[in-house]
Each structure stands twice: as structure tokens, then as C-alpha cells.
Amino acid sequence: MKIEVSQLHGKTPYQADFRVYSEDIVDDNHELSGEISDQGLHVTGQIFLLNRHQVMCDLHITGIMLFKCARCLKLTPYSCDYGYHEPVDIKDSDSYFDLIPCVEECLYINEPFRVLCKPDCKGICPKCGADLNVQTCQCKNEADSQNNSEIDPRMEVLKKLL
Ligand SMILES: [Zn+2]
Ligand SMILES: [Zn+2]
């Protein structure tokens, strides 16, 4: 999403209103852990020149992003509602101002620390990889019986002492 810098010379700020899709994000500078949903993100806001070398970028970004659940890795919708209010440097030679890097930075700064597909997600079994939300695997039972067999001999010893 590029604006001609000449458009920013007017008295009224440039009114941004566009959608951003995952293919728009080049993401050279940031490793975004989420991806934009097919509907895209809605970006609105105002862009105006602060001075010869700086553009004020005042954006509001809403929409759905998809993040991997921290426990089971399932792609999980996450509702975004972010504000971005940053001065951005421009050079005299720039004839266009690209809003996409601002959007990228905003998404990066606001990335959620941890997304869960549901609060009580059971995750995946570290042993066999089964999704424990949809199936139970035998690993836990094995672990339990191992625990039992570890405890049993001690119990035997205790019994003898008694
Ligand atoms: Zn999950
Ligand atoms: Zn398992």
C-alpha cells in the first residue's frame, strides 16, 4: 500500500482505508509468528507530514490473525485490534511512502505472547504426538503403570517392615 509523498503535502491528512492480506506482508525484518486470515486485516487511519523528513503514521488495524496454539499447534483465530502511532523517516528522494512496513511492525509489536485454541487445551502427547483433545493415547496409562510399579516395591518393603 504505497502513497505518493506529494499527496501528503496537502493541508488535510491522507485518509487510509485498505485491507492487508498475507501475500502483502514481505516480512523481511520481522519473524511474524502469526498469519493473516483469508479475510485480511482492515487498516484505517491518517498519514501526514510532520516535517520534511518524517511522516506521522497513525493507523488502526483490526481483523483476525491465525496463531498456532501454544499446546497443540492448531491454527487458532485471534482477534486483533491494534493502534499504531509512529513517526517514520522519509528521504528527500522518496516519491512513495509504503504503509506495509508500518503494518508489519505494528503486528510484530502486538504479537500475543501465547495463544491457546481453548483455555483447557490438553495439548499433544509429547511421546506419540496424539492430539489429546480428540483422542486419548496409551502413553499416559503406561506412565501411570510405571509409576505404580515404581511405588509397588517400596510398598512391599514397607509392608515387610510393618
Ligand atoms: Zn490447543
Ligand atoms: Zn501418547
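Which residues does Thr62 touch, not counting residues up to four places away in sequence? Thr62 touches Leu41, His42, Cys80 and Asp81, where contact requires C-beta atoms, placed from the backbone, to lie within 7 Å. The legends below describe a predicted model, in which local features need pLDDT of at least 70, side-chain atom pairs count only at pLDDT 80 or more, and totals for chains, interfaces and linings use all residues. Residues are numbered from 1 along each chain as its sequence is written, while chains are lettered from A and ligands numbered from 1 in the order in which they are written.

View 1. The strands (DSSP runs of E, at least two residues, numbered from the N terminus) follow the order 2-3-4-5 with antiparallel pairing. Strand 2 and strand 5 are the edge strands, since each pairs on one side only. From one strand to the next the twist averages 15 degrees, an angle on a scale from 0 to 180 degrees between the N-to-C directions of axes fitted to C-alpha atoms. Two strands count as paired if DSSP finds at least two bridges between them. Strand 2 and strand 3 are joined by seven bridges, and Val20 has Leu41 in strand 3 as its bridge partner.

**View 2. Two hairpins around strand 4.** Strand 3 and strand 4 pair in the antiparallel sense over 12 bridges, and two residues lie between them in the hairpin. Strand 4 and strand 5 are also antiparallel, with 15 bridges. Their hairpin has six residues between the strands, and Leu73 in the turn shows a positive phi of about 70 degrees. Cys57 stands opposite Glu86 in strand 5.

**View 3. The surroundings of Thr62.** Thr62 belongs to strand 4 and is the bridge partner of His42. Thr62 is exposed because 12 other C-beta atoms lie within 10 Å; a residue is exposed at 12 or fewer such atoms, buried at 20 or more, and partly exposed in between, with C-beta atoms placed from the backbone. Thr44 is 18 residues away along the chain, and the two C-alpha atoms are separated by 8.7 Å.

**View 4. The buried side of helix 1.** Helix 1 (residues 100–109) has Cys102, Val103, Cys106 and Leu107 as its buried residues; helices are DSSP runs of H or I with at least four residues. These residues lie on the same side of helix 1 because they cover an arc of only 135 degrees around the axis, taken from the directions between the helix axis and the C-beta atoms. An α-helix has 3.6 residues a turn, so residues three or four places apart point the same way. The cover over the buried residues includes strand 2 (14–20), strand 3 (35–51), strand 4 (54–68) and strand 5 (75–89).

Terms used
Two residues are in contact if their C-beta atoms, placed from the backbone, lie within 7 Å.
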